[in-house]
Amino acid sequence: MTSTNRPLPKPDEDSDEFWRYCSLHELRMQRCNTCGHFRFRPSVICPNCLSTEASWERLSGTAQIHSFVVVHQQMVVGYDQVPYVIALVDLDEGPRMTTRIVDCEANDLSIGLQVQVTFEDYTDDISLPVFVPSKSRV
Amino acid sequence: MSLAGQYAIVGVGDTKVGRVPEYSKTGLALLAAARAIDDSGLSRDDVDGVLTSQMGGTFIYSLEIATKLGIQPRYTTVMELGGATSVCMAQQAAVAIEAGLANAVLCVHAQKQATEGQRPRHGGALLRGFDEFDRPFGHPGATAVHALAARRHMHLYGSTSEDFARIAVAERLHASLNANAQRREPITLEDHQASRWVIEPFRLLDCCQVSDGAGAFIVTSAKRARNLQKPPVYLLGFSQFHPHRFISDQNADLTSTGAVVSGPRAFAMAGLSPKDVDAAELYDCFTYVVLTELEDYGFCGKGEGREFIKDGRIEIGGSLPVNTHGGLLSQGHVEGMMHVVEAVRQLRGNEVEPARQVEGAKVVLVSGHGGQMSTHGSLILGTERP
C-alpha cells in the first residue's frame, strides 16, 4: 500500500462502483444495455442514447496513448517526485481517461503507443488505474 | 430579425492589472464597474441589468455587486463559462435587452490570483469531476490540459515549441507598449527556448500570468448608444459553442476549439469573413491556444498556423495583430475581460498608447475559451452597423 498525502478520489453515488472495481484491480466501465456504448465518466444515463440501463463490463485494460505531457514542477500535493508523465489514453473499448504512465522513460513514449492498465493501491478502498507500456512493444 | 449591429458596447472600465494587494476582489470589480459607467455617459440609474462572473462562488454575487453600486436591477445573474464568460456576457446582455428584461446591462469580472494564490476559485463542489478523475493522477489543471492538447497538435500537424515562441514574443512586444501590463520587458525567441519546462511541451513563457485586476463593460441598444459620449462599438456577430466538459471525453478534439462552430456562425451573422478582421483579441491562457484559434477561425487552414504566424504577421503593424494589449500571456490574466475592453478601445481610436493602436481598425474579433478547452464564445465588434 502506497502511503501518501496525494489527493484521492471521493467516490459518489454515480462512481462508487467504478472505484470499488478498481480496488479489486478490475477496470470496469458502464456499457449501455440498449445501444452498447461504453461510457466514462460514470453516469446514470447513456450520452449516446439516453438509456438508463447499463452493466459494469470488464475492459481489456489495453489502450493507446492519445496524448501525454511531462510534469517538471511540483504542482499537486504529494507529487513532489518530478518529472512524471500524465496522459490521456484511448481504451480499446472506446472510452478515454486521464491517467499516469508509470515504469517508463518519457523519451520512450509517443502518441499511439500501446499501454496496459495496472493499479496503484492507496487505501483499502482506493486504487488508481495507471498504465505501463505494453511488453509487446518493439 | 438579426441582432447584428442592434446592440453596442458604450462604456468600458478597468483597474491596474498585476499585483494589487490594496483592493479586495469585490473592490476591484466595483472600481472597474464605476469606471465603465462613467466612461459610458449613462447615469448609474440608467443601468438596470448586471451580469458578473462567479468570481469565487459567493452566493448571488451579481446582486452583491449591483447593490454595492446602488443598483436594484431588473435583470441579474451570475455566469460561469470559465474564460469564455466575458465574451458570452456581452451576448447575454444583448439578448436580455432584446427580450425587454433590461435597457443597459453592466458586465463585470475581477480576479485576485496574484495576491490570493491559485487556490481553487470554487468552494470545491464545482470542481468535483476534476477532483475525482484528473487531480488524483497528479494532474494540476489548466497547464496540463493545454499541454496535452499542444502535444497532440504537434504530433498531427508538426507544430513546435519554436512556433509557440513566436506567439509569446509577439504578445510581449504588445505588452511592452501597454502601461497597464504585468510583464513589459521584451523577450526573444531565444529567451522563450531557454525558459524552463513547466509541463512539457510547455515552457514557462508559454504560460499566462497570474494576476489581480478587473474589467467591466456596458451593453445597450444601438439606438440608445447614438446619443452617448463615446463612439458606439457595435456587436456585429456573436455565437458560442461548447463541445465537451473534459478533454477525457472520448469525442473531445484536442486540436480544435469551439471556434470551429462559433466562428463561422459569428462571421455569418456579421456578414463578414476573416479577411475583414483588422485585429484579433484571442483567448490565450497558453501560447498553443492562439495557434489553434487562428486555424479554427479560418485565418488559415488546420495545421497552417505555424506558417501563418511567421514574419510578424500577428504583431502590431502586421496584417493581423493579435492580442494588442499583451493578452493573458503578458498583460495579465483577467479571464478574457481585458480582451473585450481592449477591442473596444482599439475600435474607438485614441484610447490606447499610439504605438499599439491598430491604424484604422474597424472590425475586431474577440474570443473567449474556458475550462478544458470546454467553452468557447466568439464576438465580432465593429465601428459601423451593417
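A residue is called buried when its relative accessible area is under 20%, exposed when it is over 50%, and partly exposed in between (1.4 Å probe, protein chains only). Keep that handy for the tour.

You're looking at a predicted model, where local features need pLDDT of at least 70, side-chain atom pairs count only at pLDDT 80 or more, and totals for chains, interfaces and linings use all residues. Residues are numbered from 1 along each chain as its sequence is written, chains are lettered from A and ligands numbered from 1 in the order in which they are written, and side-chain values use heavy atoms, with hydrogens and water left out.

**Stop 1: one residue in chain A**

Select A:Phe131. At 0% relative accessibility, A:Phe131 counts as buried. You'll find A:Phe131 in strand E8 of chain A, residues 127-133.

**Stop 2: all of chain B**

Chain B has 14 helices and 11 strands. Its radius of gyration is 19 Å, close to the 21 Å from the globule rule for 386 residues, so chain B is as compact as a globular protein of that length. (That radius is taken over C-alpha atoms, and the rule is 2.2 Å times the number of residues to the power 0.38.) Along its principal axes, the C-alpha trace of chain B spans about 55 × 45 × 40 Å. How much of chain B is buried? Buried residues make up 62% of its 386 residues.

**Stop 3: two domains**

Colour chain B by domain, using bounds from an automatic or database domain assignment. Domain 1 covers 7-116 + 212-234, and domain 2 covers 140-207 + 237-382. Where they meet, 36 residues of domain 1 of chain B and 35 residues of domain 2 of chain B take part in the contact, with contact meaning heavy atoms within 4.5 Å. The C-alpha centres of these two domains of chain B lie 23 Å apart.

**Stop 4: a helix inside**

Last, select helix H11 of chain B, residues 287-296. Why is H11(B) described as largely enclosed by the rest of the structure? It's because 10 of its 10 residues are buried. Among them are B:Tyr288, B:Leu291 and B:Glu293. Step just past H11(B) to B:Gly298, which takes a positive phi of about 90°.

Conventions. Helix = DSSP H or I, 4+ residues; strand = E, 2+ residues; numbered from the N terminus.
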